[in-house]
Amino acid sequence: MEALPKNITIEAEPYPYTFPLSSTALLLIDLQRDFILPSGFGDIQSGTNLTAVTAVVPNCVRILQAFRELELPIFHTREGHLPDLSDCPSSKLNRQASAPGTTHSKVIGDPGELGRLLVRGEYGHDIVDECRPKLGEVVVDKPGKGAFWNTNLLEELVGWGITHLIVGGVTIECCVTTTVREANDRGFECCIIEECAAGYNDDFKAPSLNMIHWSQGLFGFVSSLPTLLEALTPTRHSSSAPAPSLGFESPPSTPPVWDGRLTLASLRKSYKSGLSPVIVATSLYARIEEYSQTKSTFIRLVDRSALISYAESLQKLFPDLTNLPPLYGVPFTLKDSINVAGIPTTLACPPLTHIPSRSSKIYSRLISLGAIYIGKTNLDQFATGLTGCRSPHGVPASVYNPDYISGGSSSGSAVSVGAELASFSIATDTAGSGRVPAGFNGVVGWKPTKGTVSFSGVMNACESLDCLSFMVTSEGGVRDVRKLWNLVRGYDPDDPYSKAPRSLPLPIVNALAEKKWKFALPDRKAVAECSPQYRKLFYQAIGGLHEIGGEVKEGDWGLFEEAGKLLYDGALVNERLASLPGNEWVGREKDELHPVIREILQNVLKKGVSAAEAYKDIRKMTVLTRKVNTTLFNPSHPSYIDALIVPTAPFHPRISAVLKDPITINSRLGTFTHFGNVLDLCAIAVPAGHYMEDGIKMPFSITFLGRGGSDARVLEIASLFEGLVGVGARNLV
C-alpha cells in the first residue's frame, strides 16, 4: 500500500467528517443470516419485511472491498447467546413474546429453519456469505444490542489504536445506533454510512439517523456511500493510472522478485502481488547460511528442505491471494525456552533439555496465522542474564560490532532480527531480556503487560514475573509490534498468570484531542551511571519530545529504583529455584551448568531466604506497584505521567569486559529494566540514535514504560517518537 494521507474529509451531516486513515476502522454490525435471510430471527420479528436489510448487503460488500484494498482494520459483530442462554436476560427473552396479541411466535433459542434462533454456533448466527469476514478481520460476539456491552470490542479497538469508526449494518433502529451511542460515550468519532445501514421499519430509518447527528453531532455523523468511496479512491489508486473496478485483480503472470525486505507490510504487499513464500524461504536460508554468526545465533535451525516444503504447503493451503492469513509467509524465530512439539527445548542447559509433546500457545497461534518458523535461537543459560555471554552454544555478538555483546538473555533472538534473518522473534522478558538485546542490536523490543499474551508452553525463569517479548526490525518498528501483539494477545485459562478479560484499565479514547502526553525521567544520579555517549544521546533524544506533545513531569525515581533492587537483592530471585527439579538439582548437575549460572544459583541457595522474608518482599512489591499506579500512573493525580522514559541500558560493554566481570556488569545493565515486571509495567525499546566507537557506528536505544494495561498508549507514544526521529532513528547519527 502506498503512503496514506494523514486525514480524509467527506461531506456528512451535520458537517464534514474528518478521519485519519491510520486510526480508522470499519465496523459492520450484525450482518447475520438470522437478521437478513428468510426464516431467520429478523424475519419472524419483522413480519417478513426484509427488503431494506437485504438491500444493504451489496453496499456493505463495496465498502468492505474498499477497506480491504487499503489494508485497513475491519471489525464485524454478531449478536447471539450461549447455547444454554445463560447470558440472555429474561427480559430480552420473554418481553416481546409475552405482549398481548404478540406476533412473536418464537423466541431466542427456539429451533428454526436456520438452526436455533440467535444461538452462537448455529447456521443462522453467522454472517451472510457475501460479507463473510476474511482472515485477520476481527469478529466480536455480543450478547446485547450494543457491541460494547460484555464484549472485548473496546479492548480490541484501543489495542489497534482506533479512534474513528465507519459504521454500517443492521438494524439501524436497534443495534447500529445503540452501538454508535456506546462508542460515543467511550470517545470514538463515528460516521454511519446511510446506504450500508437499514432496519425492518422504513419509517424508523430517517429518525434514527437524525438522532445521531442532531444538535450539531450529538452522537456522531452520517454520510453516503458514494461520498466515502470517492474520497477513498485517490488513496487506493495512483493518480497516474486509471482506477480499475472494485473487482479483484488477478496476480501478475510473472511472480515478482523478493526485494529482501522483512517488514510485515512489505511482505504482505509482495505476497498479494504473487510472490511465493518458497522464494522468501529459499533466499532467507541462503542469507542465514552466509551469516558469520549463525552458529552462535541459532541452537537449532529448521532443515532447509523442510522449510521449503513447509512454504510450498502454505502456498497450496492459501491459493486465494485476496484472502491470506495476516502473517502469511512471515519468517520468525523462537527463543529456545519456547516449546515446539517434537523439537528439543534446551534453555541452553543440557540437563533441562526435553522434547515437548505439545507446542506452546504462542507458536501454535503464529502458525495458525500463516507465519513460517525458522528455528530456535541461543540464550543465556536458564534465561538468566542480560549479556548474552552465558551459553554453552557460543557467545553471539552485536550485529554492529563483533567485539561487543549482543545482550541477553534473548541474545539469539535479537541477533536473528538485527541481522535480518527473520521478520520477528518471540523471546521472553523477566528482567529486561526483551529490551536490552534489542537496544544493542538496533531493533525494536516490546514487553507487553504480563499476562496479556499466553506463556503456556514456555519454560519458566521466574514464573510470576515472566512474560513473552517481541523483537522486530527497525524498519518494521512500532507498527509491526502493534500488529503482532494484537494478533496473539488474549486470555488463556491454562496460564495461571494470564490477565482475565476486561481486568486491565482501558482509557477513554481521545479522538479529537491534541497529541499531548506527559512523561518522567530517571533522576540525574541514575543517568550519570550511563557512559558519556549514552548520556549525550539520551538527553538529545528527549530534547525534542515537546515537538510531539511531550511534557516532562517530576517523577519519584526512587520507587522504580527500589522495585528494581527487589528482583535480585531480595527474596524474589528464589523463584528461579522453583523452576528447577529441586534444590539438590544444582549440586547434582553443577558440572553441566555454565560457571556464572552455577555461581548465581549456588549463592541463592547459600543465602537461605526464609518464607517470611519472601512474603515480606512480595508485600513490598505489591505496595510499590499500588503506589506507582495510584500516583504516577493515576490520571487524577497531580504527578500523573503517561510514560517513564529511560535509556534501555546504561552502556554497551565489550565481550572481553563481561567475561572478566560477568556479574557486576550484568547487574549494572539492568539499572533501567529490572523494575519493569516487578511493577507490572509494559515497555518498548526503540532505536534512538547512533554513536561512533573505534570507527564503527553503534546503536543507542531508549525505552518507554507505562502502567500495566496502558500498552496501546505506550505504543502510540513510541510511534510518535519514531515519527520524530525516523523509523530506526536513521537521522540521529
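User: Over how many bridges do strand E18 and strand E19 pair in the antiparallel sense?

Analyst: Happy to start there, with a note that this is a predicted model: local features need pLDDT of at least 70, side-chain atom pairs count only at pLDDT 80 or more, and totals for chains, interfaces and linings use all residues. Residues are numbered from 1 along each chain as its sequence is written, and side-chain values use heavy atoms, with hydrogens and water left out. Helices (H or I, at least four residues) and strands (E, at least two) are DSSP runs numbered from the N terminus, and two strands pair if DSSP finds at least two bridges between them. For E18 (residues 682–693) and E19 (residues 696–706), paired in the antiparallel sense, the number of bridges is eleven.

User: Is H16 roughly parallel or roughly antiparallel to H27?

Analyst: H16 (residues 477–488) packs against H27 at an angle of about 160 degrees, with the axes 9 Å apart. Angles under 35 degrees count as roughly parallel, over 145 as roughly antiparallel, 65 to 115 as roughly perpendicular and the rest as oblique. That makes H16, relative to H27, roughly antiparallel.

User: How many charged residues are in the contact of H16 with H27?

Analyst: Gly477, Val478, Val481, Arg482 and Trp485 of H16 meet residues of H27 including Asp711, Leu715 and Glu722. Ala, Val, Leu, Ile, Met, Phe, Trp, Tyr, Cys and Pro count as nonpolar, Asp, Glu, Lys and Arg as charged, and the others, Gly among them, as polar. The contact has six nonpolar and two polar residues, and the charged residues number four.

User: By how many degrees are neighbouring strands turned on average in the sheet of six strands?

Analyst: This open sheet has parallel pairing and the order E5-E4-E3-E6-E7-E8.

User: What is the bridge partner of Cys191 in E8?

Analyst: Strand E7 (residues 189–198) and E8 pair in the parallel sense over three bridges. Helix H7 (residues 202–217) lies across both strands, at about 170 degrees to E7. In E8, Cys191 has as its bridge partner Phe221.

User: What kind of pair do the rings of Tyr17 and Phe221 make?

Analyst: Rings of Phe, Tyr and Trp (its six-membered ring) pair if their centres lie within 6.5 Å; planes under 30 degrees apart count as stacked, over 60 as edge-to-face and the rest as tilted. The structure holds 21 aromatic pairs. In this one the centres are 5.0 Å apart and the planes stand at 50 degrees, so the pair is tilted.

User: Is the crossing of H19 and H23 left-handed or right-handed?

Analyst: The axes of H19 (residues 557–569) and H23 (residues 611–630) come within 10 Å and cross at roughly 155 degrees. A crossing is left-handed if the near helix is turned anticlockwise from the far one by less than a right angle, and right-handed if clockwise. This crossing is left-handed.

User: In which crossing does H10 pass H12?

Analyst: H10 (residues 277–290) and H12 (residues 304–317) pack at an angle of about 160 degrees, with their axes 8 Å apart. The two helices are therefore roughly antiparallel. The crossing is right-handed.

User: Near what value is omega for the cis peptide bond from Val170 to Thr171?

Analyst: Thr171 is found in the loop between strand E6 (164–170) and helix H6 (172–185). For the cis bond from Val170 to Thr171, omega is near -10 degrees.

Notes
Contact means heavy atoms within 4.5 Å. Axes are lines fitted to C-alpha atoms, for helices over the stretch in contact, and angles run from 0 to 180 degrees between N-to-C directions.
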